[in-house]
Every structure is written in structure tokens, then in C-alpha cells.
Amino acid sequence: MYGIYGSSRLVKILPVLGYPFVPLWRSQLISFIMKYGTHVATKYPTCLRRQPRQHWEGGLVQPLSRYGATIDSEVGECVGMRWQSAVVIQQSPAMADGRRRTSSGATNKSVSGEDGCDSVSSPRYAILDCDGGSDDAWALLLLLHARKTHNIQLLAITTVGCGNTNRENSARNMRRILIASKRTEIPIYLGAVDPLIPSCEDEKKYFHGRDGFGDCLEDDGEPVECFVQPEHAVPAIHALCQARPNQITIFAVGPLTNLALGYTMYGEQFGNNFRDIFIMGGNYQGVGNSSRAAEFNFHSDPEAAHTVLLKSRCPITILPWEPCLPEKFNIPIDWRLKEFGERAKEANHPAITMLNQVEAAQWLPMIEQYGINTWNPCDAIVVAVWLFEERILCKHSTWHAAVDLRGTHTRGQMVLDHLREREKYPENVRIIELVDAEFFKRICEWVAGLDDGIIVEGTQ
Ligand SMILES: [Ca+2]
């Protein structure tokens, strides 16, 4: 049994069973829970009644429960005007047999069997809500490849129409990846056509070409209606998550319109069924790529991003734009298209070979036009953090985040509570600030079948 001693800002491990008295921030405690899969007893202190209960529950207890912790009793006391409480973490079966859990439940057991499947870890469920660009395709490739090694079950791909391209093209592009990967059993659902408040002017930047895939591939002629599900994406997400409450991770790597519509249609219960949400979108240092001050996904539907951040009670991890910039994430396009791309082609990887063509069509003109010479498949980076957090995530922090809806220059910008007024604005997101680009290259090689070492090393 481990004891955790808490205050509103700081949580400390009590010296139970010889454990040192170690201060932990809430985010660190959550990481502890995520890693070891624990049983938790805690108290909602009576003196907290002068504060909103959700400040405590939303800030600490609820995230813990989302990560599998069981909360079954309460102890605690009030000290002066401050409150203190105890959180007791009991050894879980996973700890008892020496296994460790990551945030998403993976064990560190090395692969076994010739298919590389870890037979011990329980399934982890995911839904990919995307807008059909090449980095969405890479996010999909990581999830598909992790089926064997991480026991990932991708339950659905849902598309949104106000991002890189329309929802039909998004579905078509994801279908191309599924066909190339021989995984067409995964259902695709069409989602929202437009953002919550449609723009009067087409000011959108088409980084990925009008079709999301560089406008370089021939249409195979298969009507979209023939391969997508008849149901709309939003009720599909709701039904899937109702069937597996608190078990499904939502990857939201396009505009957040589908998730926002879910909250509008079903209320907060829609998100209460999520295990967690991993978002690629927003910015936290004011650096824009869609406008001067806003990131593409949030800027494409600011009201949707606002809704998701406001309504969600499950843990949210955000990869904003800044950690994807060359100063922090520097993978040369030459490495992607030549060195790695050629090796993947020689290894006869159909999906990556197709993406070689797609990404050459997208990136080479940008080298000429903007002098961009680094590759940053942002959507795949956030999936990589989910799969390999302990090895690729170098820096993160927790904040209250909101979205500016009315700024003359800053509409769609993500705004953090830099004043740290936690009682007024409890932390609602974890921000990824830095990832290891060199390790991401190894992940790409793993997807291509060129490097299984990152799994065999068994420390994800
Ligand atoms: Ca995307």
C-alpha cells in the first residue's frame, strides 16, 4: 500500500512501507496512477465545500478514476484556510505480478511469438476522428501496426469535413490506407460536413492538396457510399463508447466538430463515456499556421474546440502546434522521402509507398515556396505519445485551456491560464511540450517493418 498526501496544489507520498516522503504534482500523481494501475481511497474534505466540488473531483479524483483507480473511502482534514487530504493507493494485481502499465494500459512485457503479439496485455480501444490528410494517414498507420504489439483495437474511423478536405475525401483517403494495409474490416463513418459556424469566405489553407492526399492519386471509382457505414459518425461514436464506457481513447486529429456535436446532441454523458481524448490541435505560445495566431484544426472550427474543452470531464492530452515546429521536432524531408521512403519501398510496404508519392506531392512544392525542409506528421506524433509515452514524451505540463472565439486577430487561438487561478479555472488539459524526434523516426521504421527493436527492448 502506498500513501499519497494531498493539498490543492501539491500531492506527497507518505512514508508508508519505507517509501520516502516525496512531493508530487497532480500531473505526476496521475502519471503514477497511469503507470502502476492502482486502487485509490480518497476523501472529499468537508472544508472544500466552500469551493466547487468539481474542482477537487475534476482536478484529481476524476482523472484518477478514468485511469482505472477505484475510489472507495474518504479520509482527510482541514488545516486552517487550506485543505489537506489523504489519498491511499493500494497495490493492484498488476503491480503485484510485476507488470507496469502505461497511460494507455500497455505492459512492458517483451513481445512473444512470431507475430510479435503481446499476449498478456488487455485490449486497448481507440477511435480515430480525422480529416483525411497525410498525417492523419500516418496516425492510422501507427494504430494499425500497434494491433499486434500493443493489442490495439481500432473500433472506427470517423471523418470530419471542414479540415484538410471534405468528409468524403477524408473517408476515401483512409480507405486507401486500409486497403493497402489489408484492414478493410475497420468501419468508416462520415461525420460533420461544416464547422458549427460556417465561414462566409473560403480562406482555408490546403496544405495537403484539395483532396487531402496531394491531388496526385487516381480515383478508383468506388463510390464513397459503397464503403462507409450508413450511420452518421456522431451517434456511432456515442454508441461505441456507451458499449465500452471508459475504455475507448478518442484521437481527435482534425477539427473537433464531431465531438462538439456529440456534446450538443447527448449532453456531457457523451464525453463521460470516453477513457480519454488525445487531440492534435491548438497552440500554447501564440504561434499560428492557419492564421497568424491560430493553429489549423482549432481555427477551422473554434466553437467546436471551445465546446470540447469546456464540456469534457475525461483526461485530455493536447499536442499543440509549437512542439511540431523545426526548432523542437526536426526530421528532414530528405530523410522522409529519400532515406526512409526508399527503404520502406524496398521493404514492400504498400501504404508507405503510396504515402511516398502523396507526401512528395505535398512537401516538395513547400520546399520551393516556403523554404520548409522538415517533416512533421503532427497527427501521428500524438498517437506515438499514446503508444510510447515513456520513451518519446520529453516534456509536458497541465493547464486550464480555453479557446478565443472573438479576437480580431486571435480567433481560434488556445489560451492557457498563465495566472494559475486554479479555483476559477481548474486544469483541464495536459499539454505536450516536447517529443523526441529521433525516437519518432524509429517508430516510422517500426511501422515499416524495418525496426522491431523498439518493441523488443520492451520499455515503452
Ligand atoms: Ca488531421
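Predicted model: local features only at pLDDT ≥ 70, side-chain atom pairs only at ≥ 80, totals over all residues.
I began with β13 and strand β16 (residues 429-435), which pair in the antiparallel sense over six bridges. Helices (H or I, at least four residues) and strands (E, at least two) are DSSP runs numbered from the N terminus, and two strands pair if DSSP finds at least two bridges between them. Opposite I431 in β16 I found S397.

Residues are numbered from 1 along each chain as its sequence is written.

Next I looked up the whole sheet: it is open, with eight strands in the order β9-β8-β7-β10-β11-β12-β16-β13 and mixed pairing. Its edge strands are β9 (188-190) and β13 (393-399), each pairing on one side only.

Then I turned to helices α4 (residues 134-150) and α5 (residues 167-180), which pack at an angle of about 35° with their axes 10 Å apart. Axes are lines fitted to C-alpha atoms, for helices over the stretch in contact, and angles run from 0 to 180 degrees between N-to-C directions. On the α4 side I listed A137, L140 and L141, which meet N173, M174 and I177 in α5; contact requires C-beta atoms, placed from the backbone, within 7 Å.

Last, I checked helix α10 (residues 302-311) and found seven of its 10 residues buried (20 or more other C-beta atoms within 10 Å of the residue's own, again placed from the backbone). H306 and T307 are among them.

Conventions. Contact = placed C-beta atoms within 7 Å. Buried ≥ 20, exposed ≤ 12 C-beta atoms within 10 Å, placed from the backbone.
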